[in-house]
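Biologist: I'm new to this one, so please pick a single part and walk me through it closely.

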Amino acid sequence: MMKAENVSVRIGRKQILREVDFLAEPGQVTAIIGPNGSGKSTLLRALSGEIPNVGRVTLNGHDIAALHPWELAAMRGVLPQSSAVAFPFTALEVVRLGLPGGLADGDDALPSRALAHVDLAGFEPRSYQNLSGGEQQRVQLARVLTQVWSSVRRDRPRWLLLDEPVASLDIAHQFTVLRIAREFADQGGGVVVVMHDLNLTALFADKVCVLSNGEVWRTGAVSDVMTDEVMRQVYGIDLPVSTLPATDVPFILPQALV
Ligand SMILES: Nc1ncnc2c1ncn2[C@@H]1O[C@H](COP(=O)(O)OP(=O)(O)O)[C@@H](O)[C@H]1O
Ligand SMILES: [Mg+2]
């Protein structure tokens with residue numbers, strides 16, 4: 001279980017998250033949605049233990065503030081929204097950063113497998129800096145997968161925390177990445193993912209948490225959360241939500257610029 005209780009984040013004079021309660025269960029994909037600037041990345045970073053916060057975050061029952069960095073690293077992998085790499089690394093070297101021994105670790109089999117998994121077989125020697133944005137994003141995902149490849153370890157679920165993992169990907173690679181995340185959850189791991197595309201979220205998430213202005217506006221099943229009312233209140237747009245006939249999965253199809 002990943003749990004945030006009463007989590008608030010203030011940076012300088014700005015209150016970025018306000019008394020957020022959040023719960024994600026292993027075996028499920030939990031999506032965080034909300035407008036730009038609503039605090040999604042900040043919540044993900046608080047959940048991952050990367051920024052100090054008021055309140056309590058627990059991961060598999062452990063208060064993350066009390067865990068050593070290597071204990072956290074064994075339990076969860078984090079894909080940030082953007083990752084600049086300051087050194088002239090190859091794709092393989094970036095992925096090897098996910099190994100327990102980091103770059104010094106001699107194991108190339110797992111990183112290569114991870115690259116192939118994100119459809120980048122053969123990209124090992126390529127310069128990271130010269131890859132396209134979408135390729136770089138998939139290299140970063142391969143790094144995270146290398147860190148937490150098996151979704152369960154010593155009977156405890158492991159966690160993938162992904163910040164907009166499909167934002168710069170073409171539609172086929174969006175599905176590649178979402179399938180990897182789904183598979184991780186199906187094998188008993190936990191996935192918490194920040195998403196913008198509401199239709200993909202509806203297809204793929206088990207549970208959705210909607211943020212607005214640093215607060216949780218609503219949490220629930222996709223069909224409880226993706227409604228005309230929530231779209232209007234949170235995004236300020238009048239776009240009717242329809243449902244796919246056979247499954248009741250909600251979708252939004254804009255038919256004109258409104
Ligand atoms: N380090 C920071 N210093 C000042 N303001 C920040 C910082 N990080 C985030 N913010 C602000 O907090 C708000 C939420 O940011 P973020 O969590 O990145 O939003 P989202 O991911 O939902 O787009 C934004 O208004 C952003 O400008
Ligand atoms: Mg963000």
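Modeller: Let's look at the lining of the second largest pocket, which by class has 5 charged, 4 nonpolar and 2 polar residues. Here Ala, Val, Leu, Ile, Met, Phe, Trp, Tyr, Cys and Pro count as nonpolar, Asp, Glu, Lys and Arg as charged, and the others, Gly among them, as polar. Keep in mind that this is a predicted model, where local features need pLDDT of at least 70, side-chain atom pairs count only at pLDDT 80 or more, and totals for linings, chains and interfaces use all residues. Residues are numbered from 1 along each chain as its sequence is written, chains are lettered from A and ligands numbered from 1 in the order written, and side-chain values use heavy atoms, leaving out hydrogens and water.

A pocket is an open set of points on a 1 Å grid over the protein atoms alone where a 1.4 Å probe fits, with protein on both sides within 12 Å along at least five of seven lines; lining residues have an atom within 4 Å of a point. This one holds about 220 Å³ of space, counted as what probe spheres set on the points fill, with points joined across faces, edges and corners.

So who's in the lining? Asn60, His62, Leu67, Glu71, Ala74, Met75, Arg153, Arg154, Arg156, Pro157 and Arg158. Helix 2 gives the most, with 3 residues, while strand 8 (156-157) also supplies at least two. Both are DSSP runs numbered from the N terminus: helices are H or I with at least four residues, strands E with at least two.

Helix 2 (69-75) also supplies at least two residues to the lining of the largest pocket, whose volume is about 340 Å³.
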